[in-house]
Amino acid sequence: MNVQGKTILITGGASGIGLEAAKQFLAIGAKVIVTGRNQAKLDAAKKANPAIITIQSDIANKEDAKFLFNKVKELGGIDILYNNAAVLVPPSNLGIANDTHTDGAAYEMEVNYLGVVRLNNIFMDMLKSRKEAAIINTTSILSQSPSLLEATYSSSKTALAFYTISLREHLKIIGSNVKIFELIPPLVATEMTAERKDKKISVEEMVKGLIAGLRKEHYTIRVGDAKLFNVINRFFPKMAYKLINPKKSYQLLKN
Ligand SMILES: NC(=O)c1ccc[n+]([C@@H]2O[C@H](COP(=O)([O-])OP(=O)(O)OC[C@H]3O[C@@H](n4cnc5c(N)ncnc54)[C@H](OP(=O)(O)O)[C@@H]3O)[C@@H](O)[C@H]2O)c1
């Protein structure tokens with residue numbers, strides 16, 4: 001798919017992978033609109049990259065989603081909806097098997113899963129009306145194998161991964177031109193993973209992989225180690241589970 005000349009809406013595009021994607025999409029000739037909850041972060045992104053259009057909008061909020069749609073319509077609409085925003089709410093040291101984490105788990109589902117479904121539905125007719133259109137949903141290798149320490153985040157991404165496959169097939173059956181991509185990043189160095197000491201790739205490398213996948217129309221875009229992880233998970237799921245949940249995770253849960 002050719003991105004040049006397209007208008008892309010990136011949710012959560014004021015920092016992390018989303019901001020880097022905004023920069024790289026601008027550099028290859030796309031028009032970019034980014035959203036986020038925090039106005040100061042949006043202002044900083046705009047100051048550093050004046051060509052970016054920013055709109056404050058929380059994807060967990062129904063009214064914000066309608067407001068965002070109307071603003072985007074006023075700006076001439078979009079060709080690509082890139083669902084990047086997500087939250088990870090770490091459980092307290094009591095873990096997940098108690099009532100301290102219920103609100104955190106609900107918020108993860110509201111942002112990471114329902115927020116994406118809502119935006120896709122609101123923008124679907126607009127996307128269908130474009131000559132070439134796409135939706136990119138961002139899942140994770142944790143949607144393929146469960147994480148013990150990030151159990152509810154991992155589950156929210158599995159919900160999104162299953163929905164993404166169904167949406168793609170559904171649109172094919174009804175003959176729609178909207179292409180559905182699933183982006184599966186490996187561990188990437190951003191604010192979300194700041195506490196993690198494991199091997200991470202840079203946001204630059206991550207987004208290069210995304211753009212290459214879009215160009216080749218690989219509907220499931222696995223970047224870096226996410227490719228190897230997929231092979232291991234397919235043939236040796238127990239080994240994949242151990243890679244996600246090393247012994248130190250068990251120790252942390254016991255403490
Ligand atoms: N980093 C990794 O290793 C990794 C691995 C696999 C998958 N992913 C996925 O890749 C995507 C980007 O991750 P990242 O590492 O760049 O995360 P990040 O650094 O935490 O950035 C997330 C962005 O989303 C925005 N956001 C959060 N909640 C939002 C909401 N309710 N409405 C609108 N915007 C919201 C945040 O801005 P505000 O706070 O201003 O709202 C922020 O700009 C996520 O879907 C994540 O799950 C990341």
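This is a predicted model: local features need pLDDT of at least 70, side-chain atom pairs count only at pLDDT 80 or more; totals for chains, interfaces and linings use all residues.
**Entry 1: α4 against α5**

I started with helix α4 (residues 102–128) and helix α5 (residues 151–173), which pack at an angle of about 20 degrees with their axes 8 Å apart. Angles under 35 degrees count as roughly parallel, so I put α4 down as roughly parallel to α5.

I looked up the handedness next, and α4 passes α5 in a right-handed crossing. On the α4 side I have G104, A105, E108, M109, N112, Y113, V116, V117 and N120. They meet T152, Y153, S156, K157, A159, L160, Y163 and L167 in α5. Sorted by class, this contact holds 10 nonpolar, five polar and two charged residues.

**Entry 2: α3 against α4**

Next I checked what else α4 packs with. Helix α3 (residues 62–74) packs with α4 at an angle of about 35 degrees, and here the axes are 10 Å apart. The crossing of α3 past α4 is right-handed.

For the residues, I found K62, A65 and F69 in α3 meeting R118, L119, I122 and F123 in α4. The class count for α3 with α4 came out as five nonpolar, no polar and two charged.

**Entry 3: L127**

I stayed on α4 and picked out L127, which sits in that helix. Is L127 buried or exposed? I get 22 other C-beta atoms within 10 Å of L127. The cut-off for buried is 20 or more, so L127 goes down as buried.

What does L127 touch once its neighbours within four places in sequence are left aside? I listed L81, A133, I135 and V178 as its contacts. I also jotted down a C-alpha pair: L127 and D79 are 48 residues apart along the chain, yet their C-alpha atoms are separated by 5.9 Å.

**Entry 4: around the ligand**

Last stop was the ligand. I have 29 residues around the ligand, and G12, G16, R37, N38 and A86 come nearest. By class, that shell splits into 12 nonpolar, 13 polar and four charged residues.

Which elements supply at least two residues of the shell? My note says α1 (16–27) and β2 (31–36). Of the elements, α1 gives the most, with three residues.

Note on methods. Residues are numbered from 1 along each chain as its sequence is written. A residue is near a molecule or strand if its C-beta atom, placed from the backbone, lies within 6 Å of it. Helices (H or I, at least four residues) and strands (E, at least two) are DSSP runs, numbered from the N terminus. Ala, Val, Leu, Ile, Met, Phe, Trp, Tyr, Cys and Pro count as nonpolar, Asp, Glu, Lys and Arg as charged, and the others, Gly among them, as polar. Axes are lines fitted to C-alpha atoms, for helices over the stretch in contact, and angles run from 0 to 180 degrees between N-to-C directions. Angles under 35 degrees count as roughly parallel, over 145 as roughly antiparallel, 65 to 115 as roughly perpendicular and the rest as oblique. A crossing is left-handed if the near helix is turned anticlockwise from the far one by less than a right angle, and right-handed if clockwise. Two residues are in contact if their C-beta atoms, placed from the backbone, lie within 7 Å. A residue is buried if 20 or more other C-beta atoms lie within 10 Å of its own, exposed if 12 or fewer, and partly exposed in between; C-beta atoms are placed from the backbone.
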